[in-house]
Amino acid sequence: MDEVIPALATGQASTNVLMEQPLKVYIWDMDETLILLKSLLDGSYAGAFDGLKDCEKSVEIGKRWENLILELCDEHFFYEEIENYNEPYLNALSEYDDGRDLTSYDFEADCFSSPYDDVNKKKLAYRHRAIGEKYAKGLEKILDQHMVKVWNDLYSLTDKYTDGWLSSAHKLLEEALGKSAAAPTTNSSSINCIVTSGSLIPSLAKCLLYHLDDVVSSENVYSSWEVGKLQCFKWIKERFDGPNVRFCAIGDGHEECSAAQVMKWPFIKIEFQPDAPHRFPGLDMPTVQTYMDVIYESSSKDG
């Protein structure tokens with residue numbers, strides 16, 4: 001692939017760059033953290049508001065998201081073919097990808113199937129590369145005009161119903177990267193990663209549908225479905241680690257909390273209850289920075 005990816009985006013930053021610029025790596029959970037879906041489907045989000053939220057509307061919104069996610073996966077991301085071949089990240093099979101030009105490649109005629117041998121791993125690697133290229137283009141280049149309107153209308157409806165949960169989460173990820181005026185860029189660099197317990201392809205579809213593709217690149221999305229979150233955290237540390245790197249995990253579950261403790265990373269727990277200390281809207285970069293300072297300044301003193 002001829003596309004040049006910035007070194008920091010791939011974790012191949014030079015030691016000199018890492019020495020000069022503090023690198024902050026934010027590891028976000030997806031479901032019930034950056035987005036709300038399960039709690040909409042089962043009514044628990046509405047239930048937390050003691051009758052102030054319409055539970056039937058919550059379930060309806062959740063079902064519409066489920067349908068849209070599955071439609072995107074099946075029609076554009078080869079999901080019917082590759083559903084049973086989950087990988088933890090999009091570049092996991094890059095060693096099998098010979099870089100062939102896929103412009104005129106006929107995916108329907110290449111007979112991808114079991115057994116999961118080297119030949120079929122190459123075919124899956126091609127599909128992963130094609131998915132990554134579609135992700136980079138964005139949904140406006142993939143969906144027709146009608147579906148773009150359906151998608152954007154559903155996003156707006158959901159954001160309104162959840163009091164701005166989706167847009168405020170996106171804004172925080174922008175600020176984490178220094179993209180927002182509220183968090184002007186200094187001499188530091190930042191990276192957003194997502195580690196989700198969902199399988200990889202639907203998780204990438206969610207990133208696109210929930211407007212996260214401009215703040216999280218496809219190669220920074222990890223599925224812990226088979227390997228667990230601790231393993232994903234270890235991979236991220238190996239990929240980005242350096243003499244001046246700080247990590248922070250943000251999520252709603254016990255697994256990511258335990259994994260962060262093992263890694264000695266700060267962890268911020270997200271909850272959707274209205275009186276929760278950390279939720280969206282609400283969580284901001286000064287709070288995230290405070291959590292990081294407590295852990296890393298303590299570590300530097302101990303060291």
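A residue is called partly exposed when its relative accessible area lies between the buried range, under 20%, and the exposed range, over 50%. With that scale in hand, please note that the model in the viewer is predicted.

Begin by selecting K171 and E175. These two residues form a salt bridge, and their closest N and O atoms are 2.5 Å apart. Both belong to helix α9, which spans residues 165–176, and they sit 4 residues apart, about one turn of the helix. K171 has a relative accessible area of 41% and is therefore partly exposed. E175, by contrast, is at 11% relative accessibility and so counts as buried.

Next, select R129 and D97. Their side chains meet in a salt bridge, with an N to O distance of 2.6 Å. This pair connects distant parts of the chain, 32 residues apart: R129 is in helix α7 (residues 118–137), while D97 is in the loop between α6 (79–82) and α7. R129 counts as buried because its relative accessibility is 11%, and the limit for that class is under 20%.

Then move to K237 and D241. A salt bridge joins them, the closest N and O atoms being 2.7 Å apart. Where does K237 stand, buried or partly exposed? At 28% relative accessibility, K237 counts as partly exposed. D241 is also partly exposed, at 36% relative accessibility.

Finally, select D29, K229 and E256 together. Salt bridges that share partners join these three residues into one network.

How values were computed. Residues are numbered from 1 along each chain as its sequence is written. This is a predicted model: local features need pLDDT of at least 70, side-chain atom pairs count only at pLDDT 80 or more; totals for chains, interfaces and linings use all residues. Side-chain values use heavy atoms; hydrogens and water are left out. A salt bridge is a side-chain nitrogen of Lys or Arg within 4 Å of a carboxyl oxygen of Asp or Glu. Helices (H or I, at least four residues) and strands (E, at least two) are DSSP runs, numbered from the N terminus. Buried means under 20% relative accessible area, exposed over 50%, partly exposed in between (1.4 Å probe, protein chains only).
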